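Hi everyone, thanks for coming.

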Amino acid sequence: MSDVEPVIGGTALAVRVLGPLEASVDGRPVTLTSPRLRSLLVVLALSAGAPVSIDRLAAAIWDEDLPEHARRAAQVYVTRLRAALGADLIRTVPGGYLLVTAPEQVDAIRFGRLLDAAAAVPDTVVERARLDEALALWRGAPFDGMRSAWLATVVAPGLVERYLTAVERRVELDLAQGRHEELVPQLRQLAGQYPTRERLCGQLMTALFRAGRRSDALDAYQRLRRMLADELGLDPEPSMRELHRHILTTEAVPAQPVDRWLAAAPVPRQVPRGVTDFAGRAETLARLDALLTGSGSVAPAEVVIAAVIGTAGVGKTALTLHWAHRVADHFPDGQLYVNLRGFDPSGRVMDTGEALRGFLHALGVPPQHIPPTLEAQTGMYRSLLAGKRILVLLDNARDADQVRPLLPGTPGNLALVTSRSQLAGLVAAEAAHPITVGLLPHAEARQMLAARLGADRVAAEPEATEAIITRCARLPLALAIVAARAATYPAFSLAALAETLRDPAGRLDALTADGTAMNMRASFSWSYRSLTPDGARLFRLLGLHPGADTSTPAAAGLAALPVRRARVVLAELTCAHLLVEHRPGRYALHDLLRAYAGELARDTDPEAGHETATLRALGHHRHSTHAAARQMLPTAADDA
């Protein structure tokens, strides 16, 4: 029996995942009985408008239980899904596959956009109407009935959290309108379903108290207190204890009106000083300019989000600061900046709430009027940005979750996020435009050195200049360290400085200046520390690999990992920009990262393990060569 019922000639695809999966083409339902086909459709739908790589699809279809030839198997499933939907609805594009459907036709995406729109409007009547529209899309648990660990553990919790936050905000608005009596049944049901969610319990207590049921309100608090203690070993939050005290003393709980600050605050200009002798990156700057002007694929009505991503030391912050100052006139209402410390030597990642409170202060909100919860802070922040033109620069982000509450919700504003992570979640869910910052081309690297040292000095020693560029792996931070040393010691020849970089083993020692911000080894370490144990071990071993690049099977042999596990670990290193997949299935380190990885291997792993890993890698290549020889020259291979 076929696991699909094909629909021929469809052109308009709709996918609903906020409950049991439903799909239709031109209004006619499409039935998919294969769990893997269902997972494939959902992953493509959640990325509507953006390509999804074949490896990402394979990981979603099989979770970590990948078959031996996962990419080929995933392509088979794509073919079968095309048969179910119509061949024109799944396109093969550079980077993977693209589902041809409007984002608004995917209920999870429409749900998120409606919530963002609700948070952005200052008019609470309009806000409530948008919340109603968003919550009406909810038909039950997301992906109900589907067998996908990735959907259940990674995607669904975020959707449920946004749903509950939206419900709580709507209840907050209704309480402010005095609708406490009619809210009690709904809040009792929700508090029973989510017994440790304190905000819901607090709203139930408030509604009961205002309805004259003080005893019931106190009972609700005691149930929450016992549940938190039994399940989590915690006490209620201070705000809940304060609400309990109010009710005990028969003190009325005031409604929380939405305050507005219309003026009086200075225009925020928070972007730090940029690099005065910035050079190069013309192509990347042009891409950022295109986002600003609304050219290319950007619609004027969109909220523009750019994810500037790349490896450590590649110059993401310098680039974005330079661009922010260059386009300051386009944002007359100000520029907000925060270093989120996602990869920081202190190891202390900035809390999103701390960043939000800083932005609200900059926008003129008095500290005593900042709401206590992250959700309310986010709503106030987006309301204050509505109708303005503000650039929001979120530097050094750890991941997508850290920055989501800091993103504007209305057109006119532009968010620029820099990170060593790929921020695939922002690209998929928030339609962020990924802008990858790579190593400098040779010409731009020379331009950078000339800008810092003077064109005459660079032109006088062309061979030494080329040696410095090559030995710095065309990495801007490394070039900046060498340029700083050359500027400090103008009597030193560039050839002498290039000589200090000749030995690969000592190169990282030479690329160290005052402070951790000008230290290649420290800069790399912040990314390395974020890896899983398997990721860290494979990274170290790749520093011992003798070839210019490696394949997935070769990496598996080097680290003694199953190929399926090696594929996952390689993806982790690629996402952290510690490895580059320069063509499908082939991975490489630039020279400085290779030197750092090898240094870690020598300092961390026993020497005997190095030899064993090298022998495994050589054994893999020997068997691969032998297999190739048998294919090309079967008689000679048998005789060998």
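Before we look at strands, here is the pairing rule: two strands pair if DSSP finds at least two bridges between them. Helices (H or I, at least four residues) and strands (E, at least two) are DSSP runs, numbered from the N terminus. What you see is a predicted model, where local features need pLDDT of at least 70 and side-chain atom pairs count only at pLDDT 80 or more, while totals for chains, interfaces and linings use all residues. Residues are numbered from 1 along each chain as its sequence is written, and side-chain values use heavy atoms, with hydrogens and water left out.

Let's begin with the parallel sheet. Strands β8 (residues 391-397) and β9 (residues 414-419) are joined in the parallel sense by five bridges, and L391 sits opposite L414 in β9. They belong to an open sheet of five strands, ordered β7-β8-β9-β6-β10. The edges are β7 (335-339) and β10 (433-436); each has a single partner strand, so one side of each lacks a neighbour in the sheet. From one strand to the next, the twist averages 15°. Angles here run from 0 to 180 degrees between N-to-C directions, with axes as lines fitted to C-alpha atoms, for helices over the stretch in contact. Helix α12 (residues 316-326) packs on this sheet, touching β6 (304-309), β7, β8 and β9, and its direction makes about 160° with that of β9. Contact means heavy atoms within 4.5 Å.

Now the other sheet I picked. This open sheet has three strands in the order β1-β2-β3, paired antiparallel. Neighbouring strands in this sheet are turned by 30° against each other on average, direction ignored. Four bridges link β1 and β2 (residues 22-25), and L13 faces V25 in β2.

What about the cores? A nonpolar core is a set of buried Ala, Val, Leu, Ile, Met, Phe, Trp, Tyr and Cys residues joined through side-chain atoms within 4.5 Å. Buried means under 20% relative accessible area, exposed over 50%, partly exposed in between (1.4 Å probe, protein chains only). The largest core has 83 residues, and L40, L81 and F111 are among those with the most contacts inside it. Helix α6 (residues 149-176) gives the most to this core, with 11 residues. A second, separate core of 80 residues includes L285 and L573.

Finally, α26: its buried residues include L570 and L573.
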